[in-house]
Structure formats: structure tokens, C-alpha cells
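Please find below some notes on the model, arranged as numbered points for a colleague who works with coordinates.

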Amino acid sequence: MPGLVRSVRTPEFQGVTFHEVMAKSIVNRVPDASSMPFHWAINPYRGCSHACVYCFARKTHDYLGFDSGADFDQQVVVKVNAAEVARKDLARRSWGHELVALGTNTDPYQRAEGRYGLMPGIITALAESGTPMSVLTKGTLLRRDLPLLADAAQHVPVDLSSSIAVFDDELQKAIEPGTPSTAARLATVRAAADLGFRVTVFVMPIMPWLTDSPEQLEEGVRRIAEAGASEVMYGALHLRQGAKEWFLAWLDREHPELAEGYRRFYGSSSYAPKGYRAQLAARMEPLLGRHGLRGAPDLDQPEVRRAARRRAEEATAPGPQLTLF
Ligand code: SF4
């Protein structure tokens, strides 16, 4: 593993091994073909002890020689010099001060952050360099840094988002076993809103037959509105390679009655069928309006990705040629 300093296990993190590495750079360019509305990201951790069964980032663990199943949850790479390298990257003369997204690949406030405390240094480096930032997390440890983020927001735009999609406690423990409870995450949204942040809640993934009934969606949106969020981004589950095998194996064990339906939906695609996504939007939009929340659909949709890929290809295509003799 490049830059490996040491691998450690501690009694407070049963079953988890931390691989501490020295990163060479940390402000990474997001591929142009991505449909995401930002171009730069920082991920201080690779792998995530939140262990969501459906996690789309699982496949990225393969590149480290780990598997995308249990290793993703238990072999966590920690870029211990993240703050120092961020300061160096952000001090480059070529740095354009575009928004940097935190929490795009793995969760920056996963449990490891309690041990390593990398985020305060990163937030400070971004704020001091005049760089806007966005944070997306399921972690309640975000509360520790809210005063620092509020301070940063005096100088640069700061967007906070929380991912909360399962409102049934039993299902939440089964499918997101390493995450804080839904109630604790909603309390974190409330704490951020009370400090003046306009918080977005990602209701993603909405899982067919597991979390998508009108009653479940109604309860979720109501609780999000009560917590003081301003906007909801919602989307149906997608299952890419890596996540798909892990999720379907979980489903076979926990909900065999749904296995056939899921294989019909996701057998040959990473995305839920278009008709299902349209039906979901038809359920969500009126609900959001009723609860005074602004809604935004998930940008990770096949149609949006295709358009982004086309734009990226057009941007890199050679222009008209001028030949001089
Ligand atoms: S919190 Fe996010 S990054 Fe971590 S396992 Fe869950 S979905 Fe993946």
C-alpha cells in the first residue's frame, strides 16, 4: 500500500484494522464525466466502518487489494497527514478555489474520525485558503465540528448535508450496522439548523419494497421537516458492481421473499427501472411540498450521467484543424 506507515488494531474498534498512510496529495479532481455538481473532493479515509450494505463505494476497495465486502467495512485506510497535505495542495498558485466536497466516496465522520480527528485541520485549511466546501455524512460526530464550520461559513460558503434514508430502527441497524441511529442523525440536523445552516437531507437510497411505501416516505419526510432541514435530495437505490453482489447476498439472507423482485430490477442494470423512478418522484414531490421542503432528485441517474459523459467527450474532442503549408 503506497505510503503505509503502520497498521493498527485497538480494543475500542473491535474487528477494524486501521492502515495509516502518508498521502502525497489529497485534493482530488472528480472525473469530468461524473454527473456530480462539483469538481474537487477530499476523502481522508478509504473504506468505511459505517458498513452500509448498499454502499456504492465498495468497489473502490478492490484497488487496494482488499475485497469490496467485509474488508471495505473493516480495513480502513487513514490518510494521517490529510490536513498538512490539504494546506499544501490549496496553497498552489494554480488552485482555483472551486468548491471541495467532503464525503463523496466514504464518510469523513465515520467512527475513525473520533480517533484521528482529521476533519478540523481540513476544514481550517479550506477556510483559510478561501475555498468553499460541502460536507455529506451519516456521522453524528459532525456535531463536534459545527462551531468550527459555523466559523468557516463566515468566510466561505459551507454546505452541510446528512444522509438519512431508513426510518425503521430495526432495518436501519440491519442495513447500516455501523451508523448512528436515525434519531441521532436527525438531532444532528437540528443542531446544524439551529446554528443557521440550511441543511440538505439525502433520502438515498430509497429501497424498493423495503422503504418506499407511501406511509414510510410520509413518516421520513415529516421527521426531516421537523428536524429543521431545508432541502431533500432523494433517489432510488442503485447497485453497481461490488455493492450489487454484497447487497443481493444480504437480501437472500434477510429478505429472501424480495430476492426475485430485486433481481428483476437490478439484474442487468445498476439503476432501478425508469418507471419505478418516475413513480417514486410522483410520491415524493407532493410530500415535500406539503412539508415545506425544497426537493431535488438524485443526480446519479443514467440519463444525467450520459449527458455528463457527452459533455466531457465534447470538451476533450479536438477542435477544427488548421493546416499551414
Ligand atoms: S456511510 Fe456512506 S461511505 Fe460509509 S458505508 Fe455508508 S454509504 Fe458507504
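1. Arg185 and Glu176 are both buried, where buried stands for a relative accessible area under 20%, exposed for over 50% and partly exposed for what lies in between, with a 1.4 Å probe and protein chains only. These two residues form a salt bridge whose closest N and O atoms are 2.7 Å apart; the term requires a side-chain nitrogen of Lys or Arg within 4 Å of a carboxyl oxygen of Asp or Glu.

2. On provenance, this is a predicted model, in which local features need pLDDT of at least 70 and side-chain atom pairs count only at pLDDT 80 or more, while totals for chains, interfaces and linings use all residues. Residues are numbered from 1 along each chain as its sequence is written, and side-chain values use heavy atoms, with hydrogens and water left out.

3. The structure holds 14 salt bridges, including one between the side chains of Asp62 and Lys59, with an N to O distance of 2.6 Å. Asp62 is partly exposed at a relative accessible area of 30%, and Lys59 is also partly exposed, at 27%. Elsewhere, Arg6, Glu20 and Arg115 are linked in a network of salt bridges.

4. The side chains of Asp252 and Arg263 form a salt bridge at 3.0 Å, N to O. Because Asp252 lies in helix H9 (residues 243–254) and Arg263 in helix H10 (residues 259–266), the pair ties together parts that are 11 residues apart in sequence; helices (H or I, at least four residues) and strands (E, at least two) are DSSP runs, numbered from the N terminus. Asp252 is partly exposed, with a relative accessible area of 36%, and Arg263 is partly exposed at 37%.

5. The count of aromatic pairs comes to 10, a pair being rings of Phe, Tyr and Trp (its six-membered ring) with centres within 6.5 Å, called stacked when the planes are under 30 degrees apart, edge-to-face when over 60 and tilted for the rest. The rings of Trp209 and Phe265 have centres 5.0 Å apart and planes at 45 degrees, so this pair is tilted. It links distant parts of the chain, since Trp209 sits in the loop between strand E10 (200–206) and H8 and Phe265 in helix H10, 56 residues apart. Trp209 is partly exposed at 40% relative accessible area, whereas Phe265 is buried at 14%.

6. Phe247 and Trp250 form an aromatic pair that is tilted, with 5.7 Å centre to centre and 45 degrees between the planes. Both lie in helix H9, 3 residues apart, so about one helical turn separates them. Phe247 is buried at 0% relative accessibility, and Trp250 is buried at 5%. Trp209, Phe247, Trp250, Tyr262, Phe265, Tyr266 and Tyr276 form one aromatic cluster.

7. The axes of helix H7 (residues 182–194) and helix H8 (residues 214–226) come within 9 Å and cross at roughly 40 degrees; axes are lines fitted to C-alpha atoms, for helices over the stretch in contact, with angles running from 0 to 180 degrees between N-to-C directions. Thr182, Ala183, Leu186 and Arg190 of H7 make the contact with Arg223, Ile224 and Glu226 of H8, contact meaning heavy atoms within 4.5 Å.

8. In helix H4 (residues 119–128), the buried residues are Met119, Ile122, Ile123, Ala125, Leu126 and Ala127. Among the elements that cover them are helix H2 (82–90), strand E8 (133–137) and helix H5 (142–152). Just after H4, Gly130 takes a positive phi of about 80 degrees.
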